[in-house]
Amino acid sequence: MRKSLPFLCLSVSGLLSSVQVQAQPAGSPNLLEWVRESRFVFQGTVRKLGAANMAAIPASPANAVVNVDQVIVAPEKLGDFTGREITVALLRAESLEAGQRAVFFTVGWIYGETLAVREVGHLDARQDLGALREQIADARRRNDEQDLAGRLAHAELVVVGRLVRIVPVRQEETHLPVTEHDPDLRRALVRVETMLKGQAPPNGLVSFLFANSRDVLWDRSPKPKVGQNAVWILSRDERKGLKLDALTAFDPLDVQPRERQEVLYRLLESPL
Amino acid sequence: MKSPRVLFSSLLLAPCLLAATVQPARAQIRVIDIVPNSQSNETEIDSEPNVAVDPSNPLRVAASAFTPDPMSGPNAPIYVSTDGGTTWTLSSIVPGNDPTFGTGDITLRFGGTSGVLYTGILIGTDFLHLNILRAADFTLATPMTLLVDRFSEDQPYVQATTVLSGSGAGSDRVYIGNNNLANSQSATIDLSLDAATAPTPAGFSPFVIETRTTAGQDGPPIRPAIHSDGTVYGIFYRLTTLTAPNLTADVVVVRADGWGTGATPFAALLGADGLAGRQVVTGRTVPFGISLGQNRLVASNLSIAVDPRSSDRVYCAWADLVGATDYTLHVRRSDDRGVTWSASDLLTITNATNPALAINTGGRVGFLYQQLTGAGSSQRWQTHLRRSNDGTAWTDDLLADTPANTPASTTSVYLGDYDHLMAIGKDFYGIFSAANMPVLASFPSGVTFQRNVDTATGTLRNVTNTGTVSPSIDPFFFSVKEPAPQIQVPGGVDLGQACVGANDSGTLNACNTGIADLIVDAITSSSPRFTVTAPSAGYPVVISHDFCFPFQVVFNAAATGPQSATLTISSNDPDHPNTSVAVLGNGAEPDIRVTGSPDLGVVSAWTHGEKTLSVCDTGGCGLSVASASAGCADFTLIHNPFPATVSHDSCLDLVVRFTPTRPGLRSCNLTVSSDDPDTPVVSRTLTARTPPFFSLHAGLANPHGALHGVAKQGSTFNLDLVYPFRPRWAWDVRLGFSKLDGRSGHPDTDLASLSANAKLTLNPGAPVHVFLNAGLGLYHFDPGAFEAGGNVGFGLKVPVGRRFALEATYNYHSTFTAAPNLALDQVQLGLLISF
């Protein structure tokens, strides 16, 4: 079963302006980094300090039981924890007081009858979370573009074109062992329409390997189809355990809708 | 010692029951969906599970599956339970989380007694990238420590234990089978002889266990099995052709003795060709890359288990293609350390996968597998647990019977390439993955869910319980409490004090906390002083589960002081066929003490005196007093409870009355006879005295010496105070007045005297006492002067009752200081009156 990481409650804005928010306890937080690192962002009220509401949580004065007042960002598969009390492992025990409300940026920690999360950072509580939601959505988009820019920088070729043929790859070519994690490599041929990076081959066809396997190690890897018109970000991907001397598209970012080619072009021209 | 009636009553009242017949018992099976409640929304394919139960504390359980961190964090989670698998949490402590599946492969195991958790994983963000990890405390929710980091490895499978005794005692021994695909002889076991605390790489080194040529590599599964005596087995597929979808393989078993120390640790078991590794079967066709139902087949199905009772006995299981389209599991056994194997299958299961073997401490083998049944849309995955004592007769418990087509898989994994079964003591623990629709009929052995479910509609509910959730694959932990008896004796037996030479008894409760009937064949004692009374119905005694039987233990003390013995209960408890119970007793004797003063003091003759004395037992058991007596007329025992038994540490009172039959000091022996072995007769001298007598004497006085010249016969009168201080002796203080008539021309002479006499009664027991007396005195003669003198005398005394006596006395007085000498004698009759 394919899994994705859609995030709830995000309304992507087109704003590219820098984010200025007041951090707690002091200084300007790097919201971009907080958004990159955190998975669960919510506004909550501290119910009890130095406490936890799951037996499995190791005791610590930095633990706090926090009521989730409003969820701002959460993995879709987590479900709705609005109104529920969870445990937050604070960065600093004294940074909040009982009864205080704040916006928490957190990552997962322990999942039992309820949640326990670790704080990445927190902000003062807001009456109107709309602006913060937009800032977070913008940071999220910028992070995505940073990731994409990284793939583009790593790529040997970035090709806009249509996939015209897929052929199996013989084991003699790859010398891969017999394993349940076999990537089931296939060779894809793409007729080049535009080269965003690198030189087009004389015949106008670019070939690359992709993993057709639905094994756990390859399930998220792109599974191109014949006729697919896309932007192909091709690199000599050196997954450390897989030594292939060929262009590959293994990363989920390596196949982009051709509608994004303007964005990709911009990122290639002006890396973040 | 209790009377039979009392014993019978105690049997009725005790929470015990004697079962009349042996009732067959079923194993207690629990099946638990371990996805936590907070993950009720999840729809993952949580397949290929593994489980580790801490042998030193089976309440601590860790489990794994293809479960990603629910928030796509950097670490993959394991499932954690600290209550024996009843409740679970997810704790992300494994590096390399893939957002969809967590890790690539993962297995985990605890050390035998260390509590340290070891995992072998393929990290989820790379390809065939092995990590061996360690957590000193898996409950702390902190990332595991990386010990080994290596590439081109597949399917790490961890087994671990702790050396219990001898060289290396206390050290964790960890064996991780893995397919080192950098070599054509790829079957490998990484081992560490001291993995718990050593720094990275914690002593781990890879050892190739394949010794023969291969078609390029060995198969993915390499499974170790450890015995506490240091024997370590390994099993793998030696691939001889690699043409998918049908590989050709030999099933090879290797063995290491002595924990696998040395340069070639797995060379103890040789094949017919003289190379290390015994081929159980050869030339088998093993499907690869095809599916059984929605579950892929990747030549990953091997298992091996060694009998904890003897490392000679080892079971193995493998899968292969027997016909054209099947996938068949085979179970076989060796009783000679892997040299020879049963010629045919002990168990053959068609169209099944994920074999897992384990053997409990009773030698009972468990076999877990998942079988595809039915056809088309009616196909189901049935998860079976088979168990057998002999490899021939097998029970069959159906743990899950779930649809094979729901959920529909979008990946190549469905149930996974393995599950796991292990045994601790006599109990089995395991894990499998299955479709998670909460349809109770799909779990014939029962099931509990932590995630929100509606069993009435058979639907999964979301985390807010406001909507349904699509079916998916979940890991299911299960435990099987074997229907074995389990003897439990609540502590030793202390019979307390017992009299030397006598019997005392107490109760030894033998309880059955197991499931099957406990049969007690005999109870023996290491000392003849302690015996266990055979029940009226004799042995064997059958005790139903959750009941106790009160055996009567009899203590016959041979001597004083503490005594002990060991009782050995022989029963059918497979883990404790001979249970030792300490029994204690203390031999004791009675010890008589007669307390209280035997002196009754001064008692008037006009009344009587009483005194209480106590006869006490300061020993450890009861004192039997036969009699107490005082053989004198003056002393009588007016309260005499004897014969009687005096309990230890208690007393009984004697009351002595003194009624003087004669005046003076009286004494008498009080004699107490008992069974005190050291002092069977105790004597105490009772004493008492009467107060002094007052006497009046009157009679005639006759002058002698110079006095005779001036005086003639006169009268005399004496007042005496007589104080007997011995039976024969008394002080006699006399105040006398005499008046002698004057002779012619002489005035009368008055004489006043005060003398102190000692009085000796010659025959104090006779009715008429004869006594002598003598003393010194002062005399005042008028006319005359004060003079000093003395007197001697004798007399007769006739007691009249105990209060009066009559006396007739004669005394002769003579002065020392007068010159010429003044003397007189007295003849008197007197009356003595006792106070």
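Q: Which residues have the most contacts inside the largest nonpolar core?
A: In this predicted model, the largest nonpolar core comprises 84 residues. Nonpolar side chains tend to be buried together in soluble globular proteins. The residues with the most contacts inside this core are F204(B), Y237(B) and F367(B).

Q: Which residues does F204(B) touch, not counting residues up to four places away in sequence?
A: F204(B) is among the residues with the most contacts inside the largest nonpolar core. Contact here requires heavy atoms within 4.5 Å. On that basis, F204(B) touches I132(B), L147(B), V148(B), V174(B), I176(B), D190(B), L191(B), S192(B) and A195(B).

Q: Which elements give two or more residues to the lining of the second largest pocket?
A: The second largest pocket has a volume of about 990 Å³ and is lined by 39 residues. Nearest its centre lie Q171(A), L176(A), P177(A), V178(A) and D182(A). The elements that give two or more residues are α3 (171–174) and β8 (185–197) of chain A, with β17 (278–292) and β18 (295–298) of chain B.

Q: How many residues of the lining of the second largest pocket are nonpolar?
A: The lining of this pocket consists of 39 residues. Of these, 12 are polar and 10 are charged. The nonpolar residues number 17.

Q: What is the volume of the largest cavity?
A: A search of the whole structure finds one cavity of 30 Å³ or more. The lining of the largest cavity includes K77(A), V35(B), E42(B) and Y79(B), and divides into six nonpolar, two polar and three charged residues. The volume of the largest cavity is about 80 Å³.

Q: Over how many bridges do β52 and β59 of chain B pair?
A: Strand β52 of chain B spans residues 693–705, and strand β59 of chain B spans residues 822–834. G705(B) stands opposite L822(B) in β59(B). The two strands pair in the antiparallel sense, and the number of bridges is 13.

Q: Through how many residues does a hairpin join β58(B) to β59(B)?
A: Strand β58 (residues 804–815) of chain B pairs with β59(B) in the antiparallel sense over 11 bridges. One pair in this arrangement is F804(B) with its bridge partner I833(B) in β59(B). The hairpin joins β58(B) to β59(B) through six residues.

Note on methods: Residues numbered from 1 in each chain as written. Chains lettered and ligands numbered in written order. Predicted model: local features only at pLDDT ≥ 70, side-chain atom pairs only at ≥ 80, totals over all residues. Heavy atoms only, no water. Core = buried A, V, L, I, M, F, W, Y, C linked by side-chain atoms within 4.5 Å. Buried < 20%, exposed > 50% of the residue type's maximum accessible area, 1.4 Å probe, protein only. 1 Å grid on protein atoms, 1.4 Å probe; cavity = no way out; pocket = protein on both sides within 12 Å on 5 of 7 lines; lining within 4 Å. Points joined across faces, edges and corners; volume = space filled by probe spheres on them. Helix = DSSP H or I, 4+ residues; strand = E, 2+ residues; numbered from the N terminus. Nonpolar A, V, L, I, M, F, W, Y, C, P; charged D, E, K, R; others polar. Pairing = 2+ DSSP bridges.
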